[in-house]
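Me: I am new to this structure and would like a close look at a single part of it. Could you take me through the sheet and what packs on it, and then show me a few places elsewhere in the chain?

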Amino acid sequence: MPRFNLRKLLGDWQSYLLIIVGSVITAISINMFLVPNKIAPGGVSGIATVLYYLFGFPVGTTMLVLNIPLFILGIRHLGGVFGVKTLFSTVVLSVVVDLTTFLPVLTREPLLASIYGGIIMGAGLGLVFRSGATTGGTDLAAKIIHKFIPFLTLGQLLLAVDFTVIVFAAVVFKDYDLALYAIVTLFVSSQVIDGLLEGVNFAKAVFIISNKSKFIAERIMKDLDRGVTGLDGTGMYTGQDKTVLMCVLRRPEIPVLKSIVREIDKNAFIILTDVREVLGEGFKTYE
């Protein structure tokens, strides 16, 4: 019989501290910007916002009550345990939301509230996600629905669930402008979450196909002080073997690179693609 390992179950305390901080930040967004302006950007918090104005139910308590059946259904249909962290984050967020209702409302302008609310909510949820937890809600609902409708992706289902909540809020409040503000909040928060999870140290990956790869690589290493990797490639039309150069640069360095390639080989083929985060020498160090 396996021994019960409490330390393994709980993980490191720093992640739980991160969940608490993220929950507080998310609660600030909900109580200072979103709920006072009737902005319901999808999710369980969006449903809780609508029920608050309909029946006066506390937002945090409503979020917790709505999440309980989702956890039960998740365990029943998906199998396994969703983790102590997710349960912890769900409870903490619900409690903190109700404990911070005293916070002042900073703006009654819906557009400003949707933007600032989205930024702050994205920051809070991003910290929770970085800890390895989620807040349950529509993420879990989408996974449960995916069990029965597998031909739709989780992303599509999550979008559908959030969109349904937004439409529901617009119908209840009889104000379709609020739906547009909620979509703004949803978009802004998702961008902030992506930035926290994937990094904001944007760069460009460059692929160069040329018959003069050696000379181009030498100039890149000399003029830009960037490493270059040569990949073996074959032109399927000509059947010729070529060295494909791969290099990661910062955006301001791209014009210099283009100038180098144009000077050496005007017939070279250049492919530029966005890179969200780069770890290693010359860029961001490993955490």
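Reply: Four strands form an open sheet, arranged in the order β2-β3-β1-β4, and their pairing is antiparallel. At the edges stand β2 and β4 (269-275), each with a single partner strand, so one side of each has no neighbour in the sheet. From one strand to the next, the twist averages 25°. The model is a predicted one, in which local features need pLDDT of at least 70 and side-chain atom pairs count only at pLDDT 80 or more, while totals for chains, interfaces and linings use all residues. Residues are numbered from 1 along each chain as its sequence is written, and side-chain values use heavy atoms, with hydrogens and water left out.

Helices (H or I, at least four residues) and strands (E, at least two) are DSSP runs, numbered from the N terminus. Two strands pair if DSSP finds at least two bridges between them.

Now let us go through the pairs. Strand β1 (residues 203-209) runs antiparallel to strand β3 (residues 241-249), and six bridges join them. The hairpin of β2 and β3 has six residues between the strands, and in it Gly239 takes a positive phi near 80°.

The angle between α10 and α11 is about 145°, and their axes are 10 Å apart. Their crossing is right-handed; a crossing has that name if the near helix is turned clockwise from the far one by less than a right angle, and is left-handed if anticlockwise. On the α10 side the contact has Phe215, Ile216, Arg219, Ile220, Asp223 and Leu224, which meet Val256, Leu257, Ile260, Val261, Glu263 and Ile264 in α11. By class, the contact of α10 with α11 holds nine nonpolar, no polar and three charged residues. In this count Ala, Val, Leu, Ile, Met, Phe, Trp, Tyr, Cys and Pro are nonpolar, Asp, Glu, Lys and Arg are charged, and the others, Gly among them, are polar.

Between α10 and β2 there is a loop, and Asp225 lies in it. Phi of Asp225 is near 55°, a positive value in a residue other than glycine. With a relative accessible area of 67%, Asp225 is exposed (buried means under 20%, exposed over 50%, partly exposed in between, with a 1.4 Å probe and protein chains only).

Elsewhere in the chain, another helix pair is worth a look. Helix α2 (residues 13-34) packs against helix α6 (residues 110-130) at an angle of about 165°, with axes 7 Å apart. The crossing of α2 and α6 is left-handed. By class, this contact of α2 with α6 has 16 nonpolar, six polar and one charged residues.

The loop between α2 and α3 (43-55) holds Asn37, which is buried at a relative accessible area of 8%. Not counting residues up to four places away in sequence, Asn37 touches Tyr53, Thr107, Arg108, Glu109, Pro110, Ala113 and Leu178. Lys38 is in the loop between α2 and α3 as well, and its phi is near 60°, a positive value in a residue other than glycine. Lys38 counts as partly exposed, at 32% relative accessibility.

Methods. Axes fitted to C-alpha atoms, helices over the stretch in contact; angles between N-to-C directions. Contact = heavy atoms within 4.5 Å.
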